[in-house]
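Subject: Structure handover

Hi,

Here is the structure I promised to pass on.

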Amino acid sequence: MQKSAFALGSRLPVTKASVPVRHGVGRTFAYLVLILTSLLFLTPFLFMIGTAFKRYEDIVGDPLNPFTLRPTLDNFSHLFGKLPFFAMLVNSLIIAVSLTLLSIVFNALVAYGFARYEFKFKHGLFVCMLATMMIPGQITLVPSFVMFRSFGWLDTFWPLILPGAVGAFGVFLIRQIMVAIPKEIFDSARIDGCSELGTFFRIALPLSGSAVGIVALLTFMGSWNDYLGPLIYLSSGSKMPLAVGITTMNNPYKIDYASPITGALLMSVPVLILLSVIGHKYFVDGLTAGSIKG
């Protein structure tokens, strides 16, 4: 006679054979939900790719069809003809790469201080730093503009780079990894004659790679897609990044759908490359660091 077990709170017996079947049904349902969710998120991206290769008549006549039987590269030539694309691409790269490198160094240095040293008011300072994450950025726009104007930094890249070089989220994330590094490793490095700065660059920073990678990725994406900051602090057209440039391509006589979408497609390529290189390796580890370590 086959053994049976009773599920808690259920009147029907649950046999051993029914458990794998129930798990199989649950797993199939989970995969279906994941596939449908993935398609939901991929749909706008498919429309962007399809529209970049569609003719104007097809975009206007059949806007809901993301695929076309008559692909064309005219949208790319129109984009490069109407917009100083590569100059704006260089501006975006200067801002995003500079900010990312500075954020890695400064966030990691502050996190190293909170993780490895004991000093007065350490806990209170850390809590105050975390509390700054609850302040909306829009509140600081006017004071920041007045301050940068007094510095003479308007229409330069400095207001777009320096304020984001260190942030509470980046410090918190990297600190959660650094506190888990055994203290004996740092002691061994100091016994071997490594300086404090050398200990940071040779021990703490490499061993915190997952958190540093995710901070670098999020910082680059935030700066690369930033639209409001350049619009407020920059006034020269030659200094505008791509995020602002592709929004200036429409004219009042003919709405050009294809050129901004084509620019957005090209603009997403560096982010996709970074996500495939860094995100695949560090994204999950970095984002879950704060949930398992105190």
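Lys 122 is buried, because its relative accessible area is 15%, under the 20% cut-off. Its salt-bridge partner is Glu 118, at 3.3 Å from N to O. Glu 118 is exposed, with 71% relative accessibility. Please keep in mind that this is a predicted model.

The count of salt bridges comes to 4. Two of them involve Arg 190: one with Asp 187 at 3.6 Å, N to O, and one with Glu 196 at 3.0 Å, N to O. Arg 190 and Asp 187 both sit in helix H9 (residues 183-191), 3 residues apart, so about one helical turn separates them. Arg 190 is partly exposed at 34% relative accessibility. Asp 187 is partly exposed too, at 31%, and so is Glu 196, at 33%.

Now the helix pair. Helix H4 (residues 85-116) packs against helix H8 (residues 168-178) at about 50°, and their axes lie 8 Å apart. That angle makes H4 oblique to H8. The crossing is right-handed.

Which residues of H4 and H8 meet? On the H4 side they include Asn 107, Val 110, Tyr 112, Phe 114 and Arg 116. On the H8 side they are Gly 170, Val 171, Ile 174, Arg 175 and Met 178. By class, this contact has 9 nonpolar, 2 polar and 2 charged residues.

Best wishes

Technical notes
Residues are numbered from 1 along each chain as its sequence is written. This is a predicted model: local features need pLDDT of at least 70, side-chain atom pairs count only at pLDDT 80 or more; totals for chains, interfaces and linings use all residues. Side-chain values use heavy atoms; hydrogens and water are left out. Axes are lines fitted to C-alpha atoms, for helices over the stretch in contact, and angles run from 0 to 180 degrees between N-to-C directions. Helices (H or I, at least four residues) and strands (E, at least two) are DSSP runs, numbered from the N terminus. Angles under 35 degrees count as roughly parallel, over 145 as roughly antiparallel, 65 to 115 as roughly perpendicular and the rest as oblique. A crossing is left-handed if the near helix is turned anticlockwise from the far one by less than a right angle, and right-handed if clockwise. Contact means heavy atoms within 4.5 Å. Ala, Val, Leu, Ile, Met, Phe, Trp, Tyr, Cys and Pro count as nonpolar, Asp, Glu, Lys and Arg as charged, and the others, Gly among them, as polar. A salt bridge is a side-chain nitrogen of Lys or Arg within 4 Å of a carboxyl oxygen of Asp or Glu. Buried means under 20% relative accessible area, exposed over 50%, partly exposed in between (1.4 Å probe, protein chains only).
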